[in-house]
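Q: Could you take me through some of the labels used for this protein and say what stands behind each one?

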Amino acid sequence: MLKKMVYSLGNLTGIALFTFLCTATFQSYQKTGSLFAFTIVLINGLILAIYFVRREPRTLIEFPFAWLISMVTTVLPFLYRPIQEAFLPEFLNLGYYLQIVGVATIVGSLLSIRGSLGIVPANRGIKIGGFYRIVRHPLYASELLFFSGYVLSNQSLFNFVLLVLSFSMQYSRSRIEENFLSNDPGYKLYMSSTRYRFIPGLL
């Protein structure tokens, strides 16, 4: 009973959060017409749609720090700020292309995970298809790729520090999630067949 209440509360919170984010980012897109704002609208809209069909978890992590780091990592991207001047203009085009690739892989990762999506680590069934055949955390990797491109296109010390913080927190988040999911023999088997967390052959 308590598990169902926590799940229902989490679902309603997620729907409310991503409804708000969709509305806010759409208003930003209307004002600026920027690629960044449009892609955030697209991604938040897809996440919102998934929240209506996602599965109830078999198990949900109870470690408070896991909840904290998951929430903070989800909110961090909204602190990035657009910058008009670039001190390394030769990287502006690279940043633009990385954002395009990042958006494509984020969408692919969301479509791969579908009803198993969640902010806080939970076991909704082990995903091994789609982008999850390549690395164990394609969504986290895709988000970092996209925001790396954004920082290259909006160069400031603040954005760079935020990106470094995002990398460290996503890595920690992935380790906590894997430690939790390792209680499932199916996930241990998945880890043995899909060796890399973020980058094939490297990390």
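A: Let's start with a term: a salt bridge is a side-chain nitrogen of Lys or Arg within 4 Å of a carboxyl oxygen of Asp or Glu. This is a predicted model, where local features need pLDDT of at least 70 and side-chain atom pairs 80 or more, while totals for chains, interfaces and linings use all residues. Residues are numbered from 1 along each chain as its sequence is written, and side-chain values use heavy atoms, leaving out hydrogens and water.

Q: What makes R54 a buried residue with no salt bridge?
A: Buried means under 20% relative accessible area (exposed is over 50%, partly exposed in between, with a 1.4 Å probe and protein chains only), and R54 is buried. The nearest side chain of opposite charge, E56, is 10 Å away, so against the 4 Å limit R54 has no salt bridge. R54 sits in the loop between α2 (35-51) and β1 (59-60).

Q: Which side chain does the side chain of R54 make a polar contact with?
A: That of N11, at 2.5 Å. A polar contact is a pair of N or O atoms within 3.5 Å; within protein, one must be able to donate a hydrogen and the other to accept it, and residues adjacent in sequence count only if both atoms are side-chain atoms.

Q: Why is the pair of Y80 and F147 called stacked?
A: Rings of Phe, Tyr and Trp (its six-membered ring) pair if their centres lie within 6.5 Å; planes under 30 degrees apart count as stacked, over 60 as edge-to-face and the rest as tilted. Y80 and F147 are 5.0 Å centre to centre with 10 degrees between the planes, so they count as stacked. Y80 lies in the loop between α3 (64-75) and α4 (92-113) and F147 in helix α5 (residues 138-153), so the pair ties together parts that are 67 residues apart in sequence. Both residues are buried.

Q: And why is the pair of Y187 and Y190 tilted?
A: Their ring centres are 5.5 Å apart and the planes are at 55 degrees, so the pair is tilted. Both lie in helix α7 (residues 185-193), 3 residues apart, about one turn of the helix.

Q: How do you know whether Y97 and G201 are buried or exposed?
A: Y97, in helix α4, has a relative accessible area of 51%, so it is exposed. G201, in the segment after α7, is at 57%, so G201 counts as exposed as well.

Definitions and conventions. Helices (H or I, at least four residues) and strands (E, at least two) are DSSP runs, numbered from the N terminus. Lys and Arg count as positive and Asp and Glu as negative; His and the chain ends are not counted.
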